[in-house]
Amino acid sequence: MDDVCEGKDFTFPKQEEKILDFWSQIDAFHTQLALTKDKPEYIFYDGPPFATGLPHYGHILAGTIKDIVTRYHSMTGHHVTRRFGWDCHGLPVENEIDKKLGIKKREDVLKLGIDKYNEECRSIVTRYVTEWETVITRTGRWIDFKNDYKTMDLKFMESVWWVFAQLYAKNLVYKGFKVMPYSTGCKTPLSNFEAGQNYKDVSDPEVFMTFPVVGDPHGASFVAWTTTPWTLPSNLALCINDNFTYVKVRNKYSGKVYIVAESRLSAIHNPKEKPKEAVVNMLEKFSGTSLVGTKYEPLFNYFMELSDTAFRVVADNYVTDDSGTGVVHCAPAFGEDDFRVCIENQIISKDKLIVAVDDDGCFTEKITDFSGCYIKHADKDIIEAVKAKGRLVKSGAFTHSYPYCWRSDTPLIYRAVPSWFVRVELLKEQLLENNKQTYWVPDFVKDKRFHNWLENARDWAISRSRFWGTPLPLWISEDEKEIVVIDSVAKLEKLSGVKVFDLHRHNIDHITIKSDSGRVLRRVDDVFDCWFESGSMPYAYIHYPFENVELFEKNFPGHFVAEGLDQTRGWFYTLMVLATALFGKPAFRNLICNGLVLAEDGKKMSKSLKNYPSPMEVINDYGADALRLYLINSPVVRAEPLRFKKEGVYGVVRDVFLPWYNAYRFLVQNAKRLEIEGLAPFVPIDQATLLKSSNVLDQWINSATQSLVHFVRQEMDGYRLYTVVPYLLKFLDNLTNIYVRFNRKRLKGRSGEEDCRIALSTLYNVLLLSCKVMAPFTPFFTEVLYQNMRKVCNGSEESIHYCSFPTEEGKRGDRIEQSVSRMMTIIDLARNIRERHNKPLKAPLREMVIVHPDADFLDDINGKLKEYVLEELNVRSLVPCNDTLKYASLRAEPEFSVLGKRLGKSMGIVAKEVKAMSQEEILAFENAGEVTIANHCLKLTDIKVLVLLWTSKIVNRIQKLRKKVALEPTDMVEVYFESLDDEKSISQRVLHSQETYIRDAIGSHLLPHSLMPEHAIWTLLGLADILCFINMKIVDSIEQQPAVEVVLEFLFDLLSSLQD
């Protein structure tokens, strides 16, 4: 092995760059794929990002998760194809071109030409591909950029056509209107998921207006309320709640008669009038049901042709009394509930709906008074028109949370749009069942968030009236009675006689098909929602069913996907819907869902605010491995948010990589020392021989390494990446602070050459195995160590990433691992007690008693581990003791927070009996794990067992005595003590060692009984056969003198830490 520099001189980022060059020279990724080509397939679906922006921490996080999982499965004997994908179509691209070309309306695109517009879109799709490849490669992710897939490729688009054709053949596709969130800025409907991404608190106009009742003897009018005055010209109905009570009232000052819900009467008070108590006279009360069917006079006359069915009162429970008047104005083209209620009550029909607002958000010619006006700009004019008609009750401003388009930042409207739909509601039960067949980390996202989303799933509008996307493969006659669905390029070429080289609109819109009846069929204008394309990814990225049929059908559902929490309503959802519709299966088997990476201040990362460091800055400072471990060792891998801190990445370097490197450096230095001393070069002893080592720490570290292998395999098979780093930290701490520290003499050859080579070989083997275990997590650092370590091992693989993932070899020694862990706890406790009592380690102690109920542990600590404890703590001898009750007593207390609700009135009786449990009963309970009290079975979680030291008992007895004689807390008393023990020196040492604690607790010194005056009150504090102590004495070169007794503090700490 080559010499290595000190840790402070080791530059992680520069070493990583050298490894990148090495991987490039040996074509490491493709070599690994070739080496595993005959292995079972592990299918990973990589969700396609847009390439119109640069990668951020969210992409790096998801990419790291994907890389770790796929590297792991490659090392465990699978062939894992990893192809990068690009989402090329849809609004993100069109939005940029609209800004670039100054396009405001749909007509602008048509004037420019769809061909020119689409080619402009194509030109920017791969704008940042080079930057993406640079960043992703630098993070250590192995993925194929050369053999990538793009949603704009002809093969991908052809498979999307096939998916749609299958749905259509299953009668899962229909055309209809749907009220959807609509962006007038982007001129397209949005999914509910997209609509929820950008809410703002805004002030909108609120208007109360009248709708006169036809033929009412009092001339009464319904009063309705709206915050969208622009919808009033399209009013076709009023909706009430038939469970409410409504009232007819007369305004004393205006004489006008209004009908509103009784609970909302106060809403129509005009602040300009006198106090509301005196404003109205009650004329009549009636149920909501009695109003259903009542006709009223429309506010505007734009839809008078619908008078036979429209302009009447209907009822529905969506009307609430927490705002408004209990009377809702319905414009079915601009409200989801409005649309549903008007369809259910035959106000309109789906195929005869008139939408009086165009794609740009302007009124059509149907609304003659406001034609061509943008709807939001028309609000003031519409309010003035209502006022001019004498129909305005009052108006004002209303502040509420309102959705905005997340791309154009313009207010969304709800608008009925003609669309092609997938019947998701028919698939709901099967979707819920398929969801149960999948495994998610964390599982609450699957069981709560995703389940709830599926449970409330609605039919999915999959078409968009846009230009840059996969066109719908529907050729339709002018009367829409003949439809041909194209499922392949070959079918289109056959039916049309036209050679097809690209499937975008400008290359196929001109193609016509002659039907069997001789009619000319033309393609519909719409393109697919890009979510439909990404949901088709499992089939389209391998051009199924036109290619790779066996590969797909043998390995579907895919094994693994991973993306952010927001994809529960996006990609995860569309994957599940399409797989269920096509094959009756989920699209994936295992899923990791990550949370959001936020700036350090908890806000969204923002380029304009500059509130986060760039990824490349962090990588150049600390390395990609450190960033990878920082991300996966955080709440973000459990779908919780992470506040990104650059200092946290440095913390990984300090706490993980430097100790790891120093252990490796210590190995290399001492292996090289053998040659310097003229001995044979270091060659590691084989593992089988090492497992027979008689050295207890060799046995322990070998077992601990096998436990590391077992744990990481177990957690990776469960996709719990976040548990690995804490375990690795503990392992590295044990390796450096126990094995290397306690074995320095052996490793440096002071116990003989043979023993030195065994110790060095053990350390070599541990480091090599731990590198292989951690290779998926830290691909660079493990490669650095491996490349040097493999120089002394013949027949090793060229790269650590070609190695198989370690399997457990031999039997793990649970007992020795537990004993060493307990030994370290004892050492830490003893060090702390020395510090508290100013007893430095250089001052030897004669004796230390170790109390623990486990006889095996006491055998180990007084046997093969004894020398390490004595040397580390500078103690002359150890005394084991397995009777913990010699130093303390046990008391049982009920867990009120757990038992209270469960036991109810029985709680008092149970609590009394629990507190009365004897020492023997408590011990029996702890051994059995349960006890029956007052006919209630109590478990270990229902009762807490307290360990009471006898010093505390003395203080408690004194405090009770103060209370018994009615002393106030401020009363000063003198306390005298007499021991009734046979061996009085024991209690004297207790009182001496705990003098400060007792004095602080009772507010005075304990005085000898011999000084007690005759009138003093006394109580027994007998300690016979109870107190036994660690007899600790400082050994001085001149004389021996007693040390401060610290047994009680030690015992308390020991019992708390070693209860297992």
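**View 1. The loop between helices H17 and H18 of this predicted model.** Pro545 is situated in the loop between H17 and H18. The peptide bond leading from Tyr544 to Pro545 is cis, and its omega is near 5°. Asn548 also has its place in the loop between H17 and H18. Although Asn548 is not a glycine, its phi is positive, at about 55°. With a relative accessibility of 36%, Asn548 counts as partly exposed, because this class covers values between 20% and 50%. The model shown in this and the following views is predicted.

**View 2. An edge-to-face aromatic pair, Tyr539 and Phe552.** The structure holds 60 aromatic pairs, and one of them is shown here. A pair of aromatic rings is described by the distance of the centres and the angle of the planes. For Tyr539 and Phe552, the ring centres are 5.6 Å apart and the planes stand at 70°, so the pair is edge-to-face. An angle over 60 degrees is what places a pair in this class. Tyr539 belongs to helix H17 (residues 537–540) and Phe552 to helix H18 (residues 549–555), so the pair ties together parts that are 13 residues apart in sequence. Are these residues buried or exposed? Tyr539 is buried, and Phe552 is buried as well.

**View 3. A stacked aromatic pair, Phe560 and Tyr719.** The rings of Phe560 and Tyr719 form a stacked aromatic pair, with 5.6 Å from centre to centre and 20° between the planes. Phe560 lies in strand S23 (residues 558–564), while Tyr719 lies in the loop between helix H24 (696–717) and helix H25 (724–742), so the pair ties together parts that are 159 residues apart in sequence. Both Phe560 and Tyr719 are buried.

**View 4. An aromatic cluster.** Which residues form one aromatic cluster? The cluster is made by Phe10, Phe12, Phe657, Trp660, Tyr661, Tyr664 and Phe781. Among them, Phe12 also takes part in the helix contact of the next view, where Phe12 is one of the H1 residues that meet H20.

**View 5. The crossing of helices H1 and H20.** Helix H1 (residues 12–26) and helix H20 (residues 615–622) have axes that come within 5 Å and cross at roughly 100°. The two helices are therefore roughly perpendicular to each other. On the H1 side, the contact involves Phe12, Pro13 and Glu17, and these meet Ile619, Asn620, Asp621 and Tyr622 in H20.

View 6. The loop between H1 and helix H2 (28–35) contains Asp27. The phi of Asp27 is near 50°, which is a positive value in a residue other than glycine. Asp27 has a relative accessibility of 38% and so counts as partly exposed.

View 7. Strands of a sheet pair through backbone hydrogen bonds, either parallel or antiparallel. In this open sheet, the four strands follow the order S4-S3-S14-S16, with antiparallel pairing. Strand S4 (188–189) and strand S16 (460–461) are the edge strands, and each pairs on one side only. Strand S3 (residues 173–183) runs antiparallel to S4, and two bridges join them. Ser183 has Thr188 in S4 as its bridge partner.

**View 8. Strand S21 and its partners.** Strand S21 (residues 520–523) has a covered face formed by Leu521 and Arg523, and an uncovered face formed by Val520 and Arg522. Two bridges join strand S18 (residues 474–476) to S21, and the two strands run antiparallel. Which residue of S21 is the bridge partner of Trp475? The partner of Trp475 is Arg523. Strand S20 (residues 512–514) also runs antiparallel to S21, and three bridges join these strands. Here Thr512 has Arg522 in S21 as its bridge partner. The hairpin of S20 and S21 has five residues between the strands, and in this hairpin Gly518 takes a positive phi near 95°.

**View 9. The cis peptide bond at Pro442.** Val441 and Pro442 are joined by a cis peptide bond, with omega at about 0°. Pro442 is placed in the loop between strand S15 (439–441) and helix H13 (443–455).

Key: Residues numbered from 1 in each chain as written. Predicted model: local features only at pLDDT ≥ 70, side-chain atom pairs only at ≥ 80, totals over all residues. Heavy atoms only, no water. Pairing = 2+ DSSP bridges. Axes fitted to C-alpha atoms, helices over the stretch in contact; angles between N-to-C directions. Parallel < 35°, antiparallel > 145°, perpendicular 65-115°, else oblique. Contact = heavy atoms within 4.5 Å. Phe/Tyr/Trp six-rings, centres within 6.5 Å; stacked < 30°, edge-to-face > 60°. Buried < 20%, exposed > 50% of the residue type's maximum accessible area, 1.4 Å probe, protein only.
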